[in-house]
Amino acid sequence: MELEAFEKWTDEERRRTQWSRLSSMLPELQRGNAFYRAKLPKAATKLADLAFTTKIELSEDQAAHPPFGTNLTYPLERYVRLHQTSGTTGRPLRFLDTAESWDWWRQCWQPIYRAAGVTAGDRIFFAFSFGAFVGFWSAFAGAERLGALCLTGGAMSTPERVAAIIATEATVLMCTPTYALRLAEAARVEGIDLARSALRVSIHAGEPGASIPATRERIEKDLGVEAFDHTGATEVGAHGFSCSARDGVHINESEFVVEVLDASGNAGDEGEGELVLTNLGRWGMPVIRYRTGDRVRAVRGTCSCGRTLVKLAGGIAGRVDDMVTVRGVNVFPSAIEAIVRRFAEVGEYRVELARVREMDELRCVVEAPPDVAERVGAAIHRELGIRCLIEVVASGTLPRFEMKAKRFSQTNV
Ligand SMILES: [Zn+2]
């Protein structure tokens with residue numbers, strides 16, 4: 001596969017090009033954007049001169065200046081689309097795009113499709129309800145720009161989606177990793193083996209599953225596809241994609257500046273910590289040095305795919321505030337998923353952390369035969385060093401998710 005010039009940038013080329021694009025727009029933000037006018041320094045010569053942006057700031061700004069806040073560079077009539085965050089972490093944030101910004105979103109999808117080998121000859125099925133969340137809308141628009149045949153899965157039940165995938169001979173599936181497994185399960189009930197369908201590639205977002213080897217292998221086996229991970233956010237854009245190495249996601253550094261904020265508050269362009277992103281083309285409602293809350297390990301160097309783009313090893317493994325402590329052991333929900341998904345017999349599962357009489361108690365509710373459930377518990381204990389109570393429930397008992405799966409709950413008893 002021919003790589004684009006930006007995919008092979010040196011560090012020097014990257015820094016120079018990124019800063020040139022960002023700095024050329026700062027005067028326009030100073031003029032038109034009240035939110036950033038208050039935040040931007042009079043003169044800036046490098047990225048580090050600019051302040052971080054947090055979700056709380058954006059949220060408070062929207063609350064104080066409803067309904068859209070003051071992070072608007074242009075008059076309202078310039079904007080053509082409204083999307084909003086899922087609200088899994090706080091009040092939903094509204095984001096507006098101008099026609100130019102929306103075109104930028106569509107461009108951002110091109111390297112994602114290219115890395116997954118998706119072309120104009122493909123038929124892409126979007127198993128998504130097309131609500132206010134931007135991810136699938138932008139993916140749809142990006143696929144249209146690519147020239148692929150775009151098939152909406154909106155307003156359909158899961159069996160209807162299975163039937164549509166078969167009937168239209170869709171070659172690419174776009175959905176959350178959890179929902180991919182749900183589709184395969186629903187197909188089996190109807191006596192359909194999706195692994196024998198025309199599907200050959202799947203692209204997943206919303207959860208880290210496609211970068212978790214056990215989950216990815218299961219999707220690939222159940223659907224007969226090569227599964228790729230994609231990362232993005234309503235506030236920032238469609239920024240990451242897994243390549244042929246599939247051991248993490250590259251960030252499209254032509255359109256996004258990547259920084260990693262470590263535990264001591266230092267921002268670097270690699271290492272472990274919170275992912276900080278600046279977008280370079282959504283000028284109607286930009287984010288500069290936005291603290292995403294995503295916990296990552298960013299690695300630089302030349303990937304086996306030939307790209308020099310930064311790679312988030314293992315994808316976005318969790319949120320900075322996701323980590324829970326169980327009797328002194330730090331655990332991310334994605335670590336539990338990595339274990340549970342290795343057991344093919346487990347349908348759906350849920351993890352509950354409760355504080356019972358001052359003691360942390362981790363409980364895993366699984367749809368699986370009792371002997372398998374016991375092995376899941378033993379594996380969690382062996383690999384994470386945590387004792388986990390296992391509760392077995394009948395297949396089909398636990399909720400299925402189309403969007404960000406909520407498999408983790410925390411209570412105080
Ligand atoms: Zn790569």
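How many helices and how many strands does the secondary structure of the chain come to?

## The model and its overall form

The secondary structure comes to 10 helices and 21 strands, where helices (H or I, at least four residues) and strands (E, at least two) are DSSP runs numbered from the N terminus. The radius of gyration of the chain is 22 Å, close to the 22 Å that the globule rule gives for 413 residues, so the chain is as compact as a globular protein of that length; this radius is taken over C-alpha atoms, and the rule is 2.2 Å times the number of residues to the power 0.38. Along the principal axes, the C-alpha atoms fill a box of roughly 65 × 55 × 45 Å.

This is a predicted model, in which local features need pLDDT of at least 70 and side-chain atom pairs count only at pLDDT 80 or more, while totals for chains, interfaces and linings use all residues. Residues are numbered from 1 along each chain as its sequence is written, and side-chain values use heavy atoms, with hydrogens and water left out.

## Burial, contacts and charge

Of the 413 residues, 52% count as buried, a term that stands for under 20% relative accessible area, with exposed meaning over 50% and partly exposed in between (1.4 Å probe, protein chains only). The accessible surface of the chain comes to about 17600 Å², and 52% of this surface belongs to carbon and sulfur atoms; such areas come from the Shrake-Rupley method with a 1.4 Å probe, and for residues only the protein chains shown count as cover.

Among contacts (heavy atoms within 4.5 Å) between residues at least 6 apart in sequence, 67% join residues at least 24 apart. The chain has 51 positive and 54 negative side chains, and the centres of the two sets lie 1 Å apart. Here Lys and Arg count as positive and Asp and Glu as negative, without His and the chain ends, and each charge is placed at NZ of Lys, CZ of Arg, CG of Asp or CD of Glu.

In strand β10 (residues 256–261), 6 of the 6 residues are buried, so the strand is largely enclosed by the rest of the structure. In a regular strand the side chains alternate between the two faces of the sheet. Both faces of β10 are covered, with Phe 256, Val 258 and Val 260 buried on one side and Val 257, Glu 259 and Leu 261 buried on the other.

Strand β10 pairs in the antiparallel sense with β12 (residues 271–279) over 6 bridges, pairing being assigned if DSSP finds at least two bridges between two strands, and Glu 259 stands opposite Val 276 in β12. With β11 (residues 267–268), β10 pairs in the antiparallel sense over 2 bridges, and the bridge partner of Val 260 there is Gly 268. These two strands, β10 and β11, form a hairpin with 5 residues between them, and Gly 265 in the turn has a positive phi of about 85 degrees.

## Backbone details in the loops

Most residues other than glycine have a negative phi, and most peptide bonds are trans. The peptide bond from Pro 66 to Pro 67 is cis, with omega near 0 degrees, and Pro 67 is found in the loop between α3 (55–64) and β1 (79–84). Glu 169, in the loop between α6 (158–167) and β5 (172–175), has a positive phi of about 55 degrees and counts as partly exposed at 48% relative accessibility. Arg 246, in the loop between β8 (237–241) and β9 (248–251), has a positive phi of about 50 degrees and counts as buried at 17% relative accessibility.
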